[in-house]
Amino acid sequence: MAKRAAAEITEGMVVNLGIGIPSLVPDHLEPGIRVMFQAENGIVGMGGTPPKGMEDENLCNAGGFPVETVPGTSYFDSALAFGMIRKGLIDLSILGSLQVSRSGDLANWIIPGKKVPGMGGAMELAGKAKKLIVLMNHIDRDGNPKILEKCSLPITAAGCVNMVITDRAVFSLMENELLLTEVFPPFSLDDIRNSTGCCFVTSKECKGL
Amino acid sequence: MDNPFGKLIKREKVIDFFRNGMTLMYGGFGGVGTPPGLVDSLLASNVNNLTLIGNDAGFPEIGIGKVVSRGFVRKLVASHIGSNPVAGKLMNQGLLEVEFSPQGTLAERIRAGGMGLGAILTDVGLHNAIVAEGKERMELNGREYLVEPALTADVSIVYAKKADPFGNLVFDKSARNTNPLVAAAGEVTIAEAEEIVPLGDLDPEEVVTPGVFVNYIVPSIGVNWKWAWQ
């Protein structure tokens, strides 16, 4: 999933990565491609993980893990960090999610009565980035589809998802249409139909069929 | 060191500023940039029934999490408590009230408080029941906004890399985060600085928080917790 998402990143982009699988995306970038990674705790120009013993406790990503920086990095406070997010200056945001609806609603912040961690920066990152890609498993632990007609969990932001990459398939969301563009082996179109909680259109150019 | 403004104080003295039931704002993001010595002073003061305002609940034994975990807090205004399971447990038991505010909105509410403003207008959370609940809506130039009230505190505690005796502050990389905002929003602001330098040593161009916002400065004890990645 991280590898597939990395293919969506092009030269010169400003990109924000969520915690979890999205944070693995830089490991799969084509060498030499120049991207500025933004971390909402106040960095543009975040690099990779420093070698063991070289960590700086005051230089971490939003998940609290030590990072390096690239030439051209800047540091800033949280108001500026979210100013650039709200103003739409993040070209691409890659987040994990619990559910996504056919119309692009994102539900990734609470499971009422079970897990209420708070939204953090997800509302701004989901709602305001120029493009939002969601990386998540196709089905949940109980086998239920996570792509649905309507999210059953409270939504983080409405109509914000542009692309969903799962362990089984890739969908594009455009003008209220969920478009299947890629199926990963060993899955078939029927597998995708059976594990997706809403109808979708299969692209004429759909890969992997 | 020369102390012409009386702002350089011993850390033992800060306990005098802590009161039961006070509103306290803290700098930091997941514990990074939270002042370790001032957190320990807060614990040692044994004040309780606190209202805390900050980005997150830290981790159970990291940053402000130490204060939350010990049950000294009545209400927490934060964007995220997921890294501190104790906070979640206290919330579920009804022992801790949590007001969730989206991270950028929270930062801007704190900034507004520090800048002498009453509120901000934003469309973030407009369609989210939890965020929008009880908040005024306003239409301006044909667009709808939520009115998000500014936040201030009785006491703000921040962490800086360098301070001078006037309270001018320089921060350290991603440990800056909410610190400059929190520093401005306190009725009394106390900064814990890794290094205290004489007046004139800081390049005026490098000062991030002007000393007018800072009332007291104490030398840092350094981070005394183990990070999750260690």
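**Figure 1. The loop around B:Asn141 in the predicted model.** B:Asn141 counts as exposed, having 5 C-beta neighbours inside 10 Å. As the model is predicted, the values in this and the following legends are computed from its atoms. B:Asn141 occupies the loop between strand E6 (137–140) and strand E7 (143–149) of chain B. Its phi is near 50°, a positive value in a residue other than glycine.

Figure 2. The phi angle of B:Asn46 is near 60°, which is positive although the residue is not glycine. B:Asn46 is exposed, because 11 other C-beta atoms lie within 10 Å and a residue with 12 or fewer is classed as exposed.

**Figure 3. Helix H3 of chain B and its buried side.** Helix H3 of chain B comprises residues 85–92, and B:Val86, B:Ala87 and B:Leu90 within this helix are buried. These residues lie on the same side of H3(B), because they cover an arc of only 100° around the axis. Helix H2 (65–69) and strand E3 (73–78) of chain B are among the elements that cover the buried residues of H3(B). Just after H3(B), B:Gly94 adopts a positive phi of about 80°.

**Figure 4. The largest nonpolar core, with B:Ala191 and its contacts.** The largest nonpolar core contains 115 residues, of which A:Val134 and B:Ala191 touch the most other members. The greatest contribution to this core comes from strand E8 (residues 153–163) of chain B, which supplies seven residues. When neighbours within four places in sequence are set aside, the contacts of B:Ala191 are B:Val158, B:Ala160, B:Ala163, B:Gly167, B:Leu169, B:Ala183, B:Val214 and B:Ile217.

**Figure 5. The interface between chain A and chain B.** On the chain A side, 30 residues are in contact with 34 residues of chain B. Helix H2 (78–86) and helix H3 (122–128) of chain A each contribute at least two residues to the side of chain A that touches chain B. H2(A) gives the most to this side, with five residues. By residue class, the side of chain A that touches chain B consists of 14 nonpolar, nine polar and seven charged residues.

**Figure 6. The open sheet of chain A and its edges.** Ten strands of chain A form an open sheet of mixed pairing, in the order E4-E3-E2-E1-E5-E8-E10-E11-E12-E13. Strand E4 (69–75) and strand E13 (201–207) of chain A stand at the edges with a single partner strand each, so one side of each has no neighbour in the sheet. On average, neighbouring strands of this sheet are turned by 25° against each other, direction ignored. In general, the strands of a sheet pair through backbone hydrogen bonds, either parallel or antiparallel. Strand E3 (residues 43–46) of chain A and E4(A) run antiparallel and are joined by three bridges. A:Met46 has A:Thr69 in E4(A) as its bridge partner.

**Figure 7. The cis peptide bond at A:Pro186.** The peptide bond from A:Pro185 to A:Pro186 is cis, and its omega is near 10°. A:Pro186 is situated in the loop that runs between strand E12 (177–183) and helix H4 (189–195) of chain A.

Terms used:
Residues are numbered from 1 along each chain as its sequence is written. Chains are lettered from A and ligands numbered from 1 in the order in which they are written. This is a predicted model: local features need pLDDT of at least 70, side-chain atom pairs count only at pLDDT 80 or more; totals for chains, interfaces and linings use all residues. A nonpolar core is a set of buried Ala, Val, Leu, Ile, Met, Phe, Trp, Tyr and Cys residues joined through C-beta atoms within 7 Å. A residue is buried if 20 or more other C-beta atoms lie within 10 Å of its own, exposed if 12 or fewer, and partly exposed in between; C-beta atoms are placed from the backbone. Helices (H or I, at least four residues) and strands (E, at least two) are DSSP runs, numbered from the N terminus. Two residues are in contact if their C-beta atoms, placed from the backbone, lie within 7 Å. The arc is that of the directions from the helix axis to the C-beta atoms. Ala, Val, Leu, Ile, Met, Phe, Trp, Tyr, Cys and Pro count as nonpolar, Asp, Glu, Lys and Arg as charged, and the others, Gly among them, as polar. Two strands pair if DSSP finds at least two bridges between them. Axes are lines fitted to C-alpha atoms, for helices over the stretch in contact, and angles run from 0 to 180 degrees between N-to-C directions.
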